[in-house]
Each structure stands twice: as C-alpha cells, then as structure tokens.
Amino acid sequence: MALFIRTEADQLSSVFNIKVMIEVRHLKLIDTIAKVGSLKKAAEKLFLTQSALSHQLKELEAQLETQVFYRINNQLHFTPAGKEFRDAGADILNQLKKLENSVQQINQDQLRDYVHGYSEEETKRLNDQAKTVSDLLHWDSIWEDGSLILEAGCGVGAQTKIICSSNPASNFIAVDLSEKSLSQANEMVKENDIKNVEFKQADVFDLPFDDACFDHVFICFLLEHLKSPEVALKEFKRVLKKGGTITVIEGDHGSTYFYPESKAARKAIEAQISLQKMNGGNTNIGRQLYPILNDAGFKDIKVSPRQVYVDDSKPEMIEGFIKNTFTAMIRGVTEEALSKKVISSQEMEDGIQDLYKTAEGGGTFCYTFFKANAILE
Ligand SMILES: C[S@@+](CC[C@H](N)C(=O)[O-])C[C@H]1O[C@@H](n2cnc3c(N)ncnc32)[C@H](O)[C@@H]1O
C-alpha cells in the first residue's frame with residue numbers, strides 16, 4: 001500500500017511527540033512482529049532480510065525518540081510506549097484496509113456497470129469499429145506538434161493506435177478503469193512500435209494529474225457510459241490548460257435506421273438502450289454533446305455529425321460496420337439483457353437475425369456518430 005500517514009494530526013501524536021513522518025511500512029513492521037513474536041519470523045513474513053528489518057526498527061525508534069522494545073536475552077518485549085504504538089498502529093492498519101476495500105469495491109462496481117464488458121469479442125469489436133470508421137472520425141484528429149494529450153477511457157487502445165500514429169510529434173497519456181484493457185493496449189503499442197503514449201489505470205472522476213497539465217483532452221465512446229458526465233467534464237477542465245481543447249466522439253443509437261425495416265431488430269436495439277440506461281449510461285448522448293459541453297462551461301463548441309451509410313457498394317463497411325461493429329455490439333449484450341429480463345431470448349435472436357439481413361444483398365444501414373470540439377477559455 002503506497003499510503004503515507006502524516007502523523008502530527010493523527011491519533012499517534014497523542015502518544016508520541018512525533019515531528020517526522022511515519023510510514024505505513026513502520027506500522028506493518030510492528031504489527032507483524034507483534035503477531036509472529038520474533039524478528040526472524042517477521043522478516044520472513046515481510047520478505048525482508050533480518051538486517052533490513054532491524055534497520056527499519058532502529059529508524060522507527062530514532063524517529064519516535066523512544067524505544068519500542070526492550071531487548072532481554074535476545075527476546076523482544078514491548079515497552080509501554082511500544083504497546084501504545086502497536087495498538088494505535090493496528091487500528092490505523094485496519095482503517096487503511098477498510099479504505100482500500102471500499103475504493104476497490106467502487107472500482108469493481110464501475111467495471112461491472114460497464115455494459116459491453118471486457119471479453120475477447122468486445123476487444124475485437126472495439127478494434128473493428130475503430131478501423132472501420134477511422135477516416136470518418138479521425139481525419140481531423142490532429143493536434144499541434146509537441147502537445148501533451150490525455151485520452152480518457154482508452155479501453156484496449158483501438159483509438160489510441162490511430163491518434164498516436166497520426167500525431168507522432170505529440171505525446172499521449174491514455175487512461176482507463178480496466179487494468180485488463182490497459183495491458184492489452186500496452187501489448188498493442190509494443191506490436192505496432194508506437195512510442196508516444198503511456199497508459200495509466202485511472203478513474204476519470206478522480207484523475208491522478210495536476211491542475212492544468214494537459215494541452216488537449218480526447219474522449220471516444222466514454223461519456224455514454226458515465227452516470228454523471230458533467231462531473232467527469234469538470235475533472236477534464238481541471239487538468240486542461242487554459243486555451244486547451246476537448247474533443248469528444250460519441251454514438252447515438254437513436255440515429256440508427258436500416259432497410260429492410262424490422263420490429264424485432266428495433267426491439268433488440270431497444271434492449272441495449274435500456275440496459276445502458278439501467279447502468280446509468282445514455283446511448284443517445286451524441287445529440288446532446290453541444291448542451292452538455294456548453295453547460296460544463298466550454299466555449300467555441302463545434303459539433304459535427306458523422307454519418308455512416310452502408311449499402312451493397314461498400315462490402316468492407318458491410319463486414320466492418322453492420323456485422324462486426326453494430327450487430328456485434330447488440331449481440332454482445334445478449335447475456336445481460338436476458339438476465340435482466342429486458343427482452344426474451346427468442347426476441348433477441350430474431351432481432352439479431354434481422355440486423356444481419358440489412359447486410360445481405362439489397363439491405364442498407366445508417367448510423368450517426370457525433371464529434372465535438374471545444375475550448376477551455
Ligand atoms: C466503449 S469503451 C471505448 C474505448 C475506446 N475509447 C474506444 O473507442 O475503443 C469505454 C471505455 O471506458 C472505460 N471507462 C468507463 N468508465 C470509466 C471511468 N470512470 N474512468 C475511466 N475509464 C472508464 C471502460 O473501461 C471502457 O474501456
């Protein structure tokens with residue numbers, strides 16, 4: 001645990017007149033010795049050499065300006081001050097464990113609420129999607145050389161690959177909640193010899209960055225999953241420099257229309273819309289980008305709808321968009337949709353079959369993404 005306790009104001013200060021910082025490792029050291037009864041066993045438990053452990057102990061006693069142990073016949077016995085330190089320290093360690101568990105629980109809940117999940121199929125879908133609509137969404141994803149850009153909610157790095165390659169003279173920091181996605185993203189950049197990005201596990205509601213440290217922020221398909229996008233936008237404003245820009249790309253499932261028309265396909269799409277709503281998200285957020293950015297205080301907002309239109313003349317879009325992006329997305333939520341009873345198994349199957357029909361001869365498919373750009377004044 002990489003936590004430091006500033007002791008002057010905490011409960012230990014009532015016992016010791018501490019002018020220096022005690023670290024969690026000192027608390028763990030005393031706690032472990034108290035539990036296992038000897039320096040040798042404590043060293044084994046903490047994966048330290050005995051001399052490293054003795055050194056830490058001396059360091060602690062020097063900091064406390066008092067002895068924690070009497071050493072009698074090679075045995076350690078807590079002094080009265082040592083007992084106080086041991087008991088108060090154990091309380092603090094318990095509190096830290098509780099804190100760690102509750103933070104991890106929040107993270108787990110957010111990961112569970114993410115409607116698409118983190119399966120291999122979803123990794124493939126994100127990569128297919130990014131590749132298929134790359135020109136449409138990214139012809140203008142260009143920032144001035146030397147920029148430092150935050151990509152928030154980078155997932156497996158499907159968009160990262162595109163924007164890092166087209167901005168080789170800028171640097172990117174890409175964050176996501178999911179460790180699993182980030183390790184896939186790391187593999188991807190190694191395979192593609194991309195050197196201008198660093199990945200970091202982080203929650204966009206609490207970014208581990210200083211104020212005003214990024215020139216630009218880039219987000220793709222993230223706001224649609226958040227319970228409170230306005231709070232995340234506040235955090236993006238905090239880390240953006242004045243004069244910096246935010247670029248947001250989101251979908252809008254309400255913009256889907258296709259031929260042949262099908263009630264079953266509509267029902268399956270509705271199931272995905274409801275699921276995401278139940279998890280706090282909004283699949284139709286694309287059309288709201290202007291008001292959302294405006295309410296967040298961004299200026300000079302420009303939104304451009306980017307429509308995907310597919311017919312028989314675009315076989316690569318039939319494969320890449322209708323089948324591998326859109327229908328794969330609806331198919332991907334089947335299990336959750338059935339478990340939450342938003343649709344029956346037969347209805348879901350019929351809907352997916354009918355979506356595939358739009359990819360057969362004579363079918364057509366339309367979907368609109370929205371890309372917004374705005375400035376922080
Ligand atoms: C639909 S994916 C998009 C990934 C990537 N931007 C792309 O377009 O391929 C959404 C990503 O947002 C991440 N995410 C959701 N909530 C988040 C949060 N609070 N903080 C950071 N990442 C989050 C998810 O883990 C997921 O990887």
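Visitor: At roughly what angle do the axes of helix 5 and helix 7 cross?
Guide: In this predicted model, Leu 126, Asn 127 and Ala 130 of helix 5 meet Ala 158, Gln 159 and Ile 162 of helix 7. By class, that contact has four nonpolar and two polar residues, with no charged ones. The axes of helix 5 and helix 7, the latter spanning residues 158–166, come within 8 Å, and they cross at roughly 35°.

Visitor: Are helix 5 and helix 12 oblique or roughly perpendicular to each other?
Guide: The axes of helix 5 (residues 120–132) and helix 12 (residues 315–332) come within 9 Å and cross at roughly 140°. Angles of 65 to 115 degrees count as roughly perpendicular and those over 145 as roughly antiparallel, and therefore helix 5 and helix 12 are described as oblique.

Visitor: How many charged residues are there in the contact of helix 5 with helix 12?
Guide: Helix 5 passes helix 12 in a left-handed crossing. On the side of helix 5 the contact is made by Lys 124, Arg 125, Asp 128, Gln 129 and Thr 132, and on the side of helix 12 by Met 317, Gly 320, Phe 321, Asn 324, Thr 325, Ala 328 and Met 329. Divided by class, these residues comprise four nonpolar, five polar and, as asked, charged residues numbering three.

Visitor: Which orientation, roughly parallel or roughly perpendicular, do helix 1 and helix 3 have to each other?
Guide: Helix 1 (residues 24–36) and helix 3 (residues 50–64) pack with their axes 10 Å apart, at an angle of about 115°. Since the range from 65 to 115 degrees is the one in question, helix 1 and helix 3 are therefore roughly perpendicular.

Visitor: What is the handedness of the crossing of helix 1 and helix 3, and how many nonpolar residues does their contact have?
Guide: The crossing of helix 1 and helix 3 is left-handed. Its contact is made by Arg 25, His 26, Leu 29, Ile 30 and Ile 33 of helix 1 together with Leu 53, Gln 56, Leu 57, Glu 59, Leu 60 and Gln 63 of helix 3. By class, the residues of this contact divide into two charged, three polar and, for the nonpolar class, six.

Visitor: Which residue in the turn between strand 3 and strand 4 has a positive phi?
Guide: Strand 3 (residues 69–72) and strand 4 (residues 75–78) run antiparallel and are joined by four bridges, with Ile 72 standing opposite Gln 75. The two strands form a hairpin with two residues between them, and in the turn a positive phi of about 50° belongs to Asn 73.

Visitor: Where does Phe 47, with its positive phi, lie?
Guide: Most residues other than glycine have a negative phi. Phe 47, by contrast, has a positive phi near 55°, and its place is the loop between helix 2 (39–45) and helix 3.

Visitor: Is the peptide bond from Tyr 259 to Pro 260 cis or trans?
Guide: Pro 260 is found in the loop between strand 10 (257–259) and helix 10 (263–278). Most peptide bonds are trans. For the bond from Tyr 259 to Pro 260, however, omega is near 0°, and the bond is cis.

Visitor: What distance separates the centres of domain 1 and domain 2?
Guide: The protein chain is divided into domain 1, covering 4–111, and domain 2, covering 114–375. Taken over C-alpha atoms, the separation of their centres is 46 Å.

Definitions and conventions: Residues numbered from 1 in each chain as written. Predicted model: local features only at pLDDT ≥ 70, side-chain atom pairs only at ≥ 80, totals over all residues. Heavy atoms only, no water. Axes fitted to C-alpha atoms, helices over the stretch in contact; angles between N-to-C directions. Parallel < 35°, antiparallel > 145°, perpendicular 65-115°, else oblique. Left-handed = near helix turned anticlockwise from the far one by under 90°. Contact = heavy atoms within 4.5 Å. Nonpolar A, V, L, I, M, F, W, Y, C, P; charged D, E, K, R; others polar. Domains from an automatic or database assignment. Pairing = 2+ DSSP bridges.
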